[in-house]
Amino acid sequence: MFSIVVLLSLLAVSADADFFQFDSISNVSTYYFNYIYCNIWEGDCQPHQDDATQQVPTGNIWSGFPQYYTGMLTAWYCSLGQCCDSGDCRITNNITGLERDLQVNLHGQHLAQSVVLKAIQGFIKNPESNKPLTLSFHGWSGTGKNFVARIVADNLYRDGIKSECVRLFIAPFHFPHARLVDVYKGQLREAIRDMVLRCPQTLFIFDEAEKLHPGLIDAIKPYMDHYDNVDGVSYRRAIFLFLSNIGGAAINEVALDFWHSGQNREDIGMEDLEHLLRAEAMEAEGGFAQSELMSGHLIDFFVPFLPLEYRHVKLCAHDAYAARGLQPDEGTLDEVAKAMLYVPKEEKLFSAQGCKSIPQRINFFLP
């Protein structure tokens, strides 16, 4: 009873202090409706970019609370049975499931499988990490970057990508106008701070990161640096994933060279690609390359996603059918795989679209 009284008192105080701005709360609710409706990456939504409901939620609800009071609210939340022995039921940290999903469901990406698992596992097992974990995913569209981000979210959080502790930002969706970069900076900083205050372990995903304005990345650079806290808030238990097409051509060249020399793609190692990706990221056009994130060496791992071959496309097609409860024969899988475009023109070795369009393409092969 006492905890409820404390909570109500805090709410009353915060209302007097204008911590709860109801128009902002309405915007947040509408934002999440659109967010879920677009189904994270997969929808065909055309958002109204100038609509206030499409702005990044700023977290006005929590930003006015000192961290001491948010701790009291967390304790009250747990008193209602919403916490587990591990501390917070929203956070599952299922490393076994992460390893299984990466091995079974991700095709043709032995480097990403290994690096992502080791990086996440090491971070989870080291609660005294001196900085947040920052990973940068690189490769062609359709090679699995978004898919792996989903796998990470699904295994670290009970509600996966829709968890209160996970936030997805899509550069051209959330930050479309260069003239508003100063507005976006404030929104982004407050959104990240708000989530870190509410969740003891957070995941931030930046899709199409190469399209971010450099000033926008620099605005949140302190949150990824080696600081005990920033303005009284610790960000050391946060995970940042940046997804981009930067370095895709360089990755493909290395894979093609291995194929020409008769070597297996599974023999490609991080030593063959990591330095190339770092150089590509430093020299690429756009905000990612120009940011202090690069010059400050704050990215822990550059993760390459290799171009997918015919055999990998067939595996993706099999998974797409299985997701619909269907069991296709080899002939059907070959038909789907052959319908894809392959490059280079002479060798026709790599799928130009990866596996991205497979779920839609199998519609043409259904009885």
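C165 lies in the loop between helix 7 (145-156) and strand 2 (166-170), and C199 in the loop between helix 9 (181-198) and strand 3 (202-207), so the pair ties together parts that are 34 residues apart in sequence. Helices (H or I, at least four residues) and strands (E, at least two) are DSSP runs, numbered from the N terminus. The S to S distance is 2.4 Å, where a disulfide is a pair of cysteine sulfur atoms within 2.5 Å. Both C165 and C199 are buried, that is, under 20% relative accessible area, with exposed over 50% and partly exposed in between (1.4 Å probe, protein chains only).

This is a predicted model, in which local features need pLDDT of at least 70 and side-chain atom pairs count only at pLDDT 80 or more, whereas totals for chains, interfaces and linings use all residues. Residues are numbered from 1 along each chain as its sequence is written, and side-chain values use heavy atoms, with hydrogens and water left out.

A search of the whole structure finds two disulfides, and one of them joins C316 to C355 with an S to S distance of 2.0 Å. The torsion about the S-S bond of C316 and C355 is about 80 degrees, so this disulfide is right-handed.

## A buried strand residue

T134, found in strand 1, counts as buried because its relative accessibility is 0%.
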